[in-house]
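Q: I would like to learn how to read a ligand site, a pocket and a pair of rings. Can we take them in turn?

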Amino acid sequence: MTGRLNAKTLACLPASLDRPAYDPGAHGAGIVHIGVGAFHRAHQAVYTDAALGAAGGDWRIDGIGLRSTEIADALNPQDGLFTLVERGVAGVTARVIGSIRRVIAAARDGEAPLAALTAPQTRIASLTVTEKAYGIDRARGAVDDRHPAIAADLADPRAPRGALGLLVEALRLRREKGLAPFTVLCCDNLPDNGGLVRAGVTDFAARVDPGLADWIRAHVAFPSTMVDRITPAPTEKTHAEAERLLGVSDMAAVEAEPFSQWVIEDRFSAGRPEWEKGGAIFVADVAPYEAMKLRMLNGSHSMMAYAGFLAGREYVRDVMADEALAHLVRRHLSAAAATLSPLEGIDTDDYALALMDRFANPAIAHEAYQIAMDGTEKLPQRILAPALHALRNGGDLRPFAFAVAAWMRYCIGRLDDGKTYRLRDPREAEIASALARAGGDSQAIAAALTGLPGLFPDELAASGAWTRLVGGILSSMLEKGVSQAVQEEARLSA
Ligand code: CS2
């Protein structure tokens, strides 16, 4: 068979292939999801597919791509269908997912996102837009006026282009029309992600219409969630694998590890799919799960992305195959675990062992360079928060200082062999001018990057113990080269 995956060809796929246990076309949409990238397709869309199969309901997803038109062009001709390729140690399995109904490309169809968000049947607005897209200043619990999307949307709030602006305008219109609000569900790797987005949305709304902000405070639910599944960016290989398994082409296929976890606060004002049918866990308080995942999984991910990339390791699995780096990952996991409050039923040693296996998965090609991007958005919750905890409680600071020194070395944008690369960080211009002012001295570089406004907690930046560690490790990386510095670091803590 040749052709493309879609509602017609679905019936002709090989019998061995898992597919929706329901007729996708018979279910309406109840969720509008902003950010239909690979992570959403390998995570929330899969849980929703399981919920639709087990319990039915009008809970399909209308996706919104804020910038990209590619995902709409890949998924719409396929009636929203795509393949999830799961790559584990035991082999490859594939499953066709039917929970996405269509994707709106906001760049092309400016009216459609608000139309979807204000449809009476929309009961949940969820988001996976990456940390940098929100533009919320956590310390002030307010939007950051200098954020490009926030500034543009505050200037023209009736024609929003950013995630927060869209949510606020949609809620304003729903209130005006007498429609119940949707629940806002943030699925990005941010601590207290529901509380953070609530603060941003209400502050944005207050600037547009204070009465709207009061209404949002009183009526809109913002449950927090912890999302987890290692999902490398799809490549040509992903498409080729899907085509081999399906017999038809699939331009929206994604690949992921077999492991998946979703922990959600059960506070939905207008109902929700039975995501527990797909294995989601509903709890009263997500915070301890979030802290564990952000500090252990994401924290060690960031550390190994910087140190591994600089030491010439392309993928996470290559980092894990390097004895010294794998040792530093293990060290980081245990230092991060020591900063957590105990969580009933969870053993952080077991969690760390499971993470080591997940990282080492030889079937997943997860680029260190992919994880390294947006460091200034990721470090605070992944590395700096546990570092501050360690500082206050006499814990082990060195693993966190090593991660920060590796990030600083990465900010220079040049490998030890002279090859250059792009930083891909929303603050890269600021970083470049801080580095230009600092010159070549490692202490000056460390001080300049530590001084980036709002990045490091004051208490950490002011600690002599901390700055000495970071400066010392950075200088060893610059003088001896990263590979040598990694070897010595591993020996030191063996
Ligand atoms: C990674 C995450 O790219 C990154 O920063 O740390 O995307 C990570 O793979 C996921 O959070 C795993 O759930």
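Q: Which element gives the largest share of the shell around the ligand?
A: Helix α10 does, with three residues. Keep in mind that this is a predicted model. Both α10 and α15 give two or more residues to the shell.

Q: Which residues surround the ligand?
A: Asn189, Asp228, Arg229, Lys293, Asn298, His301, His366, Ile371, Lys378 and Arg382 do. Sort them by class next. One is nonpolar, four are polar and five are charged.

Q: Which atoms of arginine 229, lysine 293 and arginine 382 lie by the ligand's oxygen atoms?
A: Take one residue at a time. For arginine 229, a polar backbone atom is 2.9 Å from an oxygen atom of the ligand. For lysine 293, an N or O atom of the side chain is 2.6 Å from a ligand oxygen. For arginine 382, a polar side-chain atom lies 2.9 Å from an oxygen atom of the ligand.

Q: How much of the ligand's accessible area does the protein cover?
A: On its own, the ligand has 340 Å² of accessible area. The protein covers 89% of that.

Q: Now the second largest pocket. What is its volume?
A: The general idea is to roll a probe the size of a water molecule over the atoms, which shows where empty space is left. Here the second largest pocket has a volume of about 1,300 Å³.

Q: What lines the second largest pocket?
A: The lining has 32 residues. Ile136, Asp137, Arg138, Glu377 and Gly454 lie nearest the centre. At least two lining residues come from each of β7 (136–137), α10 (287–310) and α15 (375–393). By class, the lining has 15 nonpolar, five polar and 12 charged residues.

Q: How many aromatic pairs are there in the whole structure?
A: A pair of aromatic rings is described by the distance of the centres and the angle of the planes. The search finds eight such pairs.

Q: Why is the pair of phenylalanine 309 and tyrosine 410 edge-to-face?
A: Their planes are at 70°, so the pair counts as edge-to-face; the ring centres are 5.5 Å apart. Phenylalanine 309 is in helix α10 and tyrosine 410 in helix α16 (residues 398–411), so the pair ties together parts 101 residues apart in sequence.

Definitions and conventions:
Residues numbered from 1 in each chain as written. Predicted model: local features only at pLDDT ≥ 70, side-chain atom pairs only at ≥ 80, totals over all residues. Heavy atoms only, no water. 1 Å grid on protein atoms, 1.4 Å probe; cavity = no way out; pocket = protein on both sides within 12 Å on 5 of 7 lines; lining within 4 Å. Points joined across faces, edges and corners; volume = space filled by probe spheres on them. Helix = DSSP H or I, 4+ residues; strand = E, 2+ residues; numbered from the N terminus. Nonpolar A, V, L, I, M, F, W, Y, C, P; charged D, E, K, R; others polar. Near = heavy atom within 4 Å. Polar contact = N/O pair within 3.5 Å; in protein donor to acceptor, adjacent residues only side chain to side chain. Areas by Shrake-Rupley, 256 points an atom, 1.4 Å probe, with all protein chains shown as cover. Phe/Tyr/Trp six-rings, centres within 6.5 Å; stacked < 30°, edge-to-face > 60°.
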